[in-house]
Every structure is written in structure tokens, then in C-alpha cells.
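Reader: Could we go through the ligand sites of this one together? I have a few quick questions.

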Amino acid sequence: MAAQQPTAAPRPPVHGPVHVPVHVAVIMDGNGRWAAARHLPRVAGHREGARAVRRTIEAAIDQGVAWLTLYAFSSENWRRPAGEVLDLTGLLRHYLKSEIAELRANGVRLRIIGDRARFPADIQAELATAESSTAANTRLNLNVALSYGARDEIAQAARALAIEARAGRLDPEAIDAAAVAARLSTAGMPDPDLLIRTSGEQRLSNFLLWQAAYAELVFQDVLWPDYGATHFAAALAEFARRERRFGARPG
Ligand code: IPE
Ligand code: IPE
Ligand code: MG
């Protein structure tokens, strides 16, 4: 069976002369340092970070961004002390219950990417409800990466291709980039145009390694709990100044 082609990315909306990215991905980093600077427990930083998530969703809607992908918890974050993992899952449980109505009111469609099976059953059920109850929304496509790791995601796509090939449903010679992309958790979604990381760290930490091949990278020296509309607008302004070439000859 031929691999399903991802749907074409919509053309970037243009506000005056400024190009707005279709898809913005964010590595929300610095909660622990924010808390430490205030002599607070790390969980206080995570709690404040959740408020920044709300502000960023609103900013994305205001700016006309169609897709927003937020890195909330990596597959490696399970290695953190048990107490912090418990705090994070507790916050997730709390916000899933309290934010769904808000997402629905704002026309946000929520999707989860990552290995949700590692979360407790009640959270998995809440995630499924949150996705299905926002499925008809079209104003903003919000992906939240939970227990997400890009290497696992790519390995899983490779496994799916191998299984299809073994079953005779796929010609191994026909496997191309589109065939891989169609088996990632982001199948059918546009690739991120802009990837933001906060807190001053300049690395990808296993986030969207495949999808971010041509994303513009913007590193902002602000701790995630302090993030808001002004920082988001600054990142979009930086994006608008970049010249994207995709390997083609400039000019
Ligand atoms: C980001 O903040 C949130 C998660 C990774 C869950 P951190 O918890 O990584 O904060 P720092 O990097 O220690 O400051
Ligand atoms: C990346 O941040 C994951 C998230 C923001 C959810 P980390 O804080 O876990 O990454 P490293 O350990 O600094 O690379
Ligand atoms: Mg960190």
C-alpha cells in the first residue's frame, strides 16, 4: 500500500509585510530555575509554568498561528526524582480537568503526542476525553508533547514500516521521507516553521528531530514561568527577519 502523503501545509498567513509561522513549537524550559531563584520548591515553578502555557496559547491565537506544539514532558523526564514526576503528573491531572472548558471556549483542538501509555489510567482517560471533546475545533491546533521522545517516535515509525513490508503490504524500495513522516505522531500536520526554546539552553533535547529539519531556531533568555505575549511576539518578529532557503540557492 502506498504511504499516505501528509497533507500540504497551508500557506503562511501574512499580516501586512510580516510572515506569521504556520506552526510554532516550543521547548518550555526553566521552571526549576525560576523556582530556585525564589527559594521555592520546583513544583512552584511547574505550577507557574502552567500559567505561561495559558498565556502562550492566547498569544498564538491572537497572532494568527494555526499550529502550536508544546514540549511539556520528555521521555527522559521520567528519570527525574519520583517526587517531581508525581508533582508533574498531579499538575497534569489538575489542569486537564480545569482547562478543557477553556480550550473548548477558545476553539482549540488538543492532540497529545508521545507515549501516553506510561501515564496512569485515569490520566489516559482524561487525555482521550480532552482530545475527543475538542476534535471539532479549528481556531488553533494545539499539540502537547507528553512522555515524548523523537528517537522513540522515529524508531516506532521504522518498526511500523518493517512490519508492513514483512506482511507484503509495502515495497521496501518505495520507502521515502514521506513514508516515514506518515508514520510519525505528527502525520498529516505541517512541520514546525519556528522552534522556540526558553531559559537560555540551546539544544533540542530529543524534540521533533525529524519535523524540525528546516525550522528556524529561536533561543530566548527567559525562564518559562515568566513567558508571555511579549516574548512570543518577539520570537515571531525574529522569525519574520529570517531568510529561509530550504537548501535552495539564495536570491
Ligand atoms: C521545564 O522546566 C519543565 C519540564 C521539563 C517538565 P525544568 O523542570 O526543566 O526546569 P529547569 O531546566 O530545571 O530550570
Ligand atoms: C526538555 O527540557 C523537556 C521539556 C522542556 C519538557 P529538559 O530540561 O528536560 O532538557 P535537558 O535535560 O536540559 O536537556
Ligand atoms: Mg530544564
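**Ligand 2**

Author: Let me begin with one contact in this predicted model: a polar side-chain atom of arginine 80 lies 3.3 Å from an oxygen atom of ligand 2.

Reader: How much of the accessible area of ligand 2 does the protein cover?

Author: Taken on its own, ligand 2 has 390 Å² of accessible area, and the protein covers 77% of that.

Reader: Which residues surround ligand 2?

Author: The surrounding residues are Ile27, Met28, Asp29, Tyr71, Ala72, Phe73, Asn77, Arg80, Arg197, Arg203 and Ser205. By class, this shell around ligand 2 divides into 5 nonpolar, 2 polar and 4 charged residues.

Reader: And which strand gives the most to that shell?

Author: That is strand β4, which spans residues 67-74 and gives 3 residues to the shell around ligand 2.

Reader: What about arginine 42 and glycine 30?

Author: In arginine 42 it is an N or O atom of the side chain that is 2.9 Å from an oxygen atom of ligand 1, whereas glycine 30 places a backbone N or O atom 3.4 Å from an oxygen atom of ligand 1. The protein covers 86% of the 380 Å² of accessible area that ligand 1 has on its own.

Reader: How many residues surround ligand 1, and which are the closest?

Author: There are 13 residues around ligand 1, and the closest are Asp29, Gly32, Arg33, Arg42 and Arg80. The shell around ligand 1 has 3 nonpolar, 5 polar and 5 charged residues by class.

Reader: Which helices supply that shell?

Author: At least two residues of the shell around ligand 1 come from each of α1 (31-37), α2 (42-63) and α3 (82-105), and the largest share, 3 residues, is from α1.

Reader: Where do the two ligands sit?

Author: Ligand 1 sits in the largest pocket, and ligand 2 sits in the largest pocket as well. About 1100 Å³ of space lies in that pocket.

Reader: What lines the pocket, then, and which residues lie nearest its centre?

Author: The lining of the largest pocket consists of 48 residues, with Met28, Val53, Tyr71, Ala72 and Phe73 nearest the centre. Two or more lining residues come from each of α1, α2, β4, α3, β5 (108-113) and β6 (140-148), with α3 giving the largest share, 10 residues.

Reader: And by class?

Author: The lining of the largest pocket divides into 25 nonpolar, 11 polar and 12 charged residues.

How values were computed. Residues are numbered from 1 along each chain as its sequence is written. Chains are lettered from A and ligands numbered from 1 in the order in which they are written. This is a predicted model: local features need pLDDT of at least 70, side-chain atom pairs count only at pLDDT 80 or more; totals for chains, interfaces and linings use all residues. Side-chain values use heavy atoms; hydrogens and water are left out. A residue is near a molecule or strand if one of its heavy atoms lies within 4 Å of it. A polar contact is a pair of N or O atoms within 3.5 Å; within protein, one must be able to donate a hydrogen and the other to accept it, and residues adjacent in sequence count only if both atoms are side-chain atoms. Accessible areas come from the Shrake-Rupley method with a 1.4 Å probe; for residues, only the protein chains shown count as cover. On a 1 Å grid over the protein atoms alone, a cavity is a set of points where a 1.4 Å probe fits but cannot get out, and a pocket is an open set with protein on both sides within 12 Å along at least five of seven lines; lining residues have an atom within 4 Å of a point. A molecule sits in a cavity or pocket if more than half of its atoms lie within 2 Å of its grid points. Helices (H or I, at least four residues) and strands (E, at least two) are DSSP runs, numbered from the N terminus. Ala, Val, Leu, Ile, Met, Phe, Trp, Tyr, Cys and Pro count as nonpolar, Asp, Glu, Lys and Arg as charged, and the others, Gly among them, as polar. Grid points are joined across faces, edges and corners, and a volume is the space filled by probe spheres set on the points.
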